[in-house]
Amino acid sequence: MAEHLILLAAGSARRFGENKLLRPLNGKPLYAHGLAALLAAAKSRPNAGVTVVSRTPEILAAARAAGAKAVESPLSERGLSFTIKAALDALEPLAESDYLLFAVADQPFLTADSVAALLEQAAPPTLGATLCFGETVGSPTLFSASLANGLRALEGDSGGRAVLCALGDKCLRVQAESERELEDIDLPGQLPGGT
């Protein structure tokens with residue numbers, strides 16, 4: 001059984017107006033916060049590895065330097081589903097007992113502890129799980145590899161939430177330590193000095 005922690009860092013950031021993932025926050029690029037959380041969580045899991053999917057050379061280089069697998073995804077401009085498929089292609093062949101954790105790179109307040117809590121659910125009979133705060137669900141999300149075909153069937157800018165929703169109450173909810181962990185950065189004004 002393998003646990004694949006995947007950082008989705010290939011979005012177009014249309015609302016932001018530039019590649020927000022390279023903008024600094026607390027002394028390091030926005031994407032680096034999520035990457036650090038995944039790497040820290042993976043350290044305590046003997047079968048865990050981190051994969052970063054991006055179209056940005058700086059992000060791919062930083063992923064390799066940190067010991068993560070770097071996957072280039074030129075088709076990601078067509079939508080999130082293409083980024084997910086690029087990750088799945090790079091991780092083939094998947095075993096039925098594998099788990100996939102997807103995190104987004106514009107969620108800088110995510111903690112390694114919350115990622116680790118989600119990974120604690122990566123065992124049968126779990127099919128899927130999501131991080132949440134109260135009733136608000138967010139990212140990261142966890143999938144049994146048995147759901148990979150459902151993820152491959154996604155189209156356009158659709159993410160894996162629809163696959164989890166189809167599970168109904170079989171989708172577990174893992175509480176984050178704070179609501180801020182679910183916050184993603186969509187606009188420059190959400191960053192210090194942003195306008």
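Colleague: Let's start with the overall build: what radius of gyration does the protein have, and what would a compact globule have?
Modeller: The predicted fold comes to 6 helices and 9 strands, and its C-alpha trace spans about 45 × 35 × 30 Å along the principal axes. With 195 residues, a compact globule would have a radius of gyration near 16 Å, and the protein agrees with that, at 15 Å.

Colleague: Among contacts between residues at least 6 apart in sequence, what share joins residues at least 24 apart?
Modeller: Of the 195 residues, 50% count as buried. For the contacts you ask about, the share joining residues at least 24 apart is 68%.

Colleague: Which element gives the most residues to the largest nonpolar core?
Modeller: That core has 34 residues, and Leu5, Leu38, Val50, Val52, Leu101 and Val115 have the most contacts inside it. Elements that each supply at least two of its residues include β1 (3-9), α1 (30-43), β4 (48-54) and β6 (99-104). With 7 residues, the element giving the most is α1.

Colleague: And how many residues are in the second core?
Modeller: The second core is separate, and among its members are Val71, Leu88, Ala148 and Val163. Its count is 22 residues.

Colleague: Then which backbone nitrogen lies 3.0 Å from a polar atom of the Glu181 side chain?
Modeller: The Glu181 side chain has a polar atom at that distance from a backbone nitrogen. The residue that provides this nitrogen is Glu177.

Colleague: Is Gln107 buried or exposed, and what is its relative accessible area?
Modeller: Gln107 is found in the loop between β6 and α4. A polar atom of its side chain lies 2.9 Å from the backbone oxygen of Glu181, and Gln107 is also in contact with Ser139, Pro140, Leu182, Glu183 and Asp184, among others. Buried means under 20% relative accessible area. Gln107 therefore counts as buried, at 3%.

Colleague: Now the charged pairs: how many residues apart are Asp106 and Lys20?
Modeller: Their side chains meet in a salt bridge, at 2.7 Å from N to O. Asp106 is in the loop between β6 and α4, while Lys20 is in the loop between β1 and β2 (24-25), so the pair links distant parts of the chain, 86 residues apart.

Colleague: What relative accessibility do Asp106 and Lys20 have?
Modeller: Both belong to the salt bridge at 2.7 Å. Asp106 counts as buried at 11%, and Lys20 is buried too, at 10%.

Colleague: How far apart are the closest N and O atoms of Arg152 and Glu92?
Modeller: Arg152 is in helix α5 (residues 148-152), and Glu92 is in the loop between α3 and β6. Arg152 is partly exposed at 28%, as is Glu92 at 41%. Their salt bridge has its closest N and O atoms 3.2 Å apart.

Colleague: Last one: which residues do salt bridges with shared partners join into one network?
Modeller: The count for the protein comes to 8 salt bridges. The residues joined into one network are Glu3, Arg45 and Glu120.

Note on methods:
Residues are numbered from 1 along each chain as its sequence is written. This is a predicted model: local features need pLDDT of at least 70, side-chain atom pairs count only at pLDDT 80 or more; totals for chains, interfaces and linings use all residues. Side-chain values use heavy atoms; hydrogens and water are left out. A nonpolar core is a set of buried Ala, Val, Leu, Ile, Met, Phe, Trp, Tyr and Cys residues joined through side-chain atoms within 4.5 Å. Buried means under 20% relative accessible area, exposed over 50%, partly exposed in between (1.4 Å probe, protein chains only). Helices (H or I, at least four residues) and strands (E, at least two) are DSSP runs, numbered from the N terminus. A polar contact is a pair of N or O atoms within 3.5 Å; within protein, one must be able to donate a hydrogen and the other to accept it, and residues adjacent in sequence count only if both atoms are side-chain atoms. The radius of gyration is taken over C-alpha atoms; the globule rule is 2.2 Å times the number of residues to the power 0.38. Contact means heavy atoms within 4.5 Å. A salt bridge is a side-chain nitrogen of Lys or Arg within 4 Å of a carboxyl oxygen of Asp or Glu. Lists of a residue's contacts leave out its neighbours within four places in sequence.
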